[in-house]
Amino acid sequence: ITHSIPGCIGSMTINSKQLDNESPVSVFAVNKCYETVQDGTFFDGSGFAALVREGYKVRSDVNITLEFRTTAVHGVLLGVSSAKVDAVGLEIVHGKVFFHVNNGAGRITATYEPRGTNSLCDGKWHKLQANKSKHRISLIIDGNLVHTDNPYIQSTSADTNNPIYVGGYPADVKQNCLTSKSSFRGCLRNLVLTKGQHTELFDFSRAFDLRGVFPHSCPGAEH
């Protein structure tokens, strides 16, 4: 067995002597345990998850769905970019959700602005759907739909070829459709990307790079 277990271990004794797990000599990818947990992936606000090492191709159409829970009013949700300007990005800035798309001709943005600044950052689960269909983009948050006009109707394909970064991205990686550098703090679950008939549910435990991300459980409430 070469991989760790997703779980909690406590009160360990060796030869009747209790081990002190409050001040270990070294720690790697170990978080504190919570009395109540929920399914999902916990992002501690310091890092990101990187998926699809060989690069994800958005092209003309993609539908992104996920659920998020946070008490922070800023945070990157997802970004896929390219070496050029083509990219898509999802982020929370000042409690609003932004879906940015650049098909090569210029960035367009669908913005969901809740009634209260903290209404999406209340620590409860919220459902997000972001859809790009050629030059059209839309954003649905908790069933509320936002459309945006796109002046660049001739430009329809986001020719991306970089990994999908979720919850943040490395300092040396360029993201052409994100304005925030703040890593997401909170929980995400049910990240699904759909292209035509192909639907892919992403398992964060299979990410090729995880920093500050704990894939198997979310604390039941923020502490």
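Strands β14 and β15 make a hairpin with two residues between them, and Gly196 in the turn has a positive phi of about 60 degrees. Strands here are DSSP runs of E, at least two residues long, numbered from the N terminus. The two partners, β14 (residues 185–195) and β15 (residues 198–201), run antiparallel and are joined by four bridges; for strands to count as paired, DSSP has to find at least two bridges between them. Lys195 stands opposite His198 in β15.

A word on the ground rules: this is a predicted model, with pLDDT of at least 70 needed for local features and 80 or more for side-chain atom pairs, while totals for chains, interfaces and linings use all residues. Residues are numbered from 1 along each chain as its sequence is written, and side-chain values use heavy atoms, with hydrogens and water left out.

Arg189 belongs to β14 and Glu67 to β5, so the contact ties together parts that are 122 residues apart in sequence. Glu67 counts as buried at 15% relative accessibility, whereas Arg189, at 24%, is partly exposed; the cut-offs are under 20% relative accessible area for buried, over 50% for exposed and partly exposed in between, using a 1.4 Å probe and protein chains only.

The whole structure has three salt bridges. Another of them pairs Lys96 with Glu113, with the closest N and O atoms 3.8 Å apart. That pair links strand β8 to the loop between β9 (107–112) and β10 (126–133), 17 residues apart. Lys96 is partly exposed at 27%, and Glu113 is exposed at 54%. Asp209 and Arg211 also form a salt bridge, at 2.9 Å between the closest N and O atoms.

On the nonpolar side, the largest core holds 41 residues, and Phe68, Leu128, Leu139, Ile164, Val166 and Leu191 have the most contacts inside it. A core in this sense is a set of buried Ala, Val, Leu, Ile, Met, Phe, Trp, Tyr and Cys residues joined through side-chain atoms within 4.5 Å. Strand β5 (residues 61–69) supplies the largest share, four residues. A second, separate core of seven residues includes Val76, Tyr169, Val173 and Leu178.

Four aromatic pairs turn up in the structure. Rings of Phe, Tyr and Trp (its six-membered ring) pair if their centres lie within 6.5 Å, with planes under 30 degrees apart called stacked, over 60 edge-to-face and the rest tilted. Phe43 and Phe184 sit with ring centres 5.9 Å apart and planes at 75 degrees, so they are edge-to-face. Phe43 is in strand β4 (residues 41–51) and Phe184 in the loop between β13 (164–166) and β14, so this pair spans 141 residues in sequence. Phe43 also pairs edge-to-face with Phe204, at 5.7 Å centre to centre and 90 degrees between the planes. Phe43, Phe184 and Phe204 form one aromatic cluster; Phe43 and Phe184 are buried, and so is Phe204.

Back in strand β8 (residues 96–102) sits Asn102, which counts as buried at 8% relative accessibility. A polar atom of the Asn102 side chain lies 3.5 Å from the backbone nitrogen of Ala105.

Conventions:
Polar contact = N/O pair within 3.5 Å; in protein donor to acceptor, adjacent residues only side chain to side chain. Salt bridge = Lys/Arg side-chain N within 4 Å of Asp/Glu carboxyl O.
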